[in-house]
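Q: Please take a close look at one residue of this model and its surroundings. Walk me through where it sits, what it touches and what lies around it.

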Amino acid sequence: MILVTGATGFIGRHLVERLVKDNYPVRVLLPEHGGRGHRPAWSGKIPTVRGSLYDEESLHQAMIG
């Protein structure tokens with residue numbers, strides 16, 4: 001499993017799209033309070049966890065499995 005943070009940013013969005021296209025198992029850590037206002041192409045297709053890099057519990061949830 002590859003955990004991507006910053007997946008709604010310019011680089012992160014394209015990185016996730018490429019990883020999904022190449023059939024890598026991907027999970028993203030998304031900010032608790034929305035994002036940049038748009039939905040990436042992968043939205044709803046891969047596992048996501050809401051949280052922060054600074055929150056131990058959300059990191060734990062993102063890295064389970």
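A: Strands here are DSSP runs of E, at least two residues long, numbered from the N terminus. The model is predicted. The residue to look at is Trp 42, in the loop between strand S2 (26–30) and strand S3 (48–50).

Trp 42 is buried: its relative accessible area is 4%, and the cut-off for buried is under 20%. Leaving aside residues up to four places away in sequence, Trp 42 touches Ala 7, Arg 13, Val 16, Glu 17, Val 28, Leu 30 and Thr 48. Ser 58 lies 16 residues along the chain from Trp 42, and their C-alpha atoms are 21 Å apart.

Trp 42 belongs to the largest nonpolar core, which has 9 residues. S2 gives the most, with 3. In soluble globular proteins, nonpolar side chains tend to be buried together. Ile 46 has contacts of its own, with Val 16, Val 20, Val 26 and Val 28, again not counting residues up to four places away in sequence.

Now S2. Val 26, Val 28 and Leu 30 point one way, Arg 27 and Leu 29 the other. 5 of the 5 residues of S2 are buried, so the strand is largely enclosed by the rest of the structure.

S2 also has strand partners. Strand S1 (residues 2–5) runs parallel to S2, joined by 4 bridges; Val 4 has Val 28 as its bridge partner. S3 is parallel to S2 too, through 3 bridges, and Leu 29 is partnered by Val 49. S1, H1 and S2 form a right-handed β-α-β unit.

Conventions. Residues are numbered from 1 along each chain as its sequence is written. This is a predicted model: local features need pLDDT of at least 70, side-chain atom pairs count only at pLDDT 80 or more; totals for chains, interfaces and linings use all residues. Side-chain values use heavy atoms; hydrogens and water are left out. Buried means under 20% relative accessible area, exposed over 50%, partly exposed in between (1.4 Å probe, protein chains only). Contact means heavy atoms within 4.5 Å. A nonpolar core is a set of buried Ala, Val, Leu, Ile, Met, Phe, Trp, Tyr and Cys residues joined through side-chain atoms within 4.5 Å. Two strands pair if DSSP finds at least two bridges between them. A crossover is right-handed if, with the strands pointing away from the viewer, the path from the first strand over the helix to the second runs clockwise.
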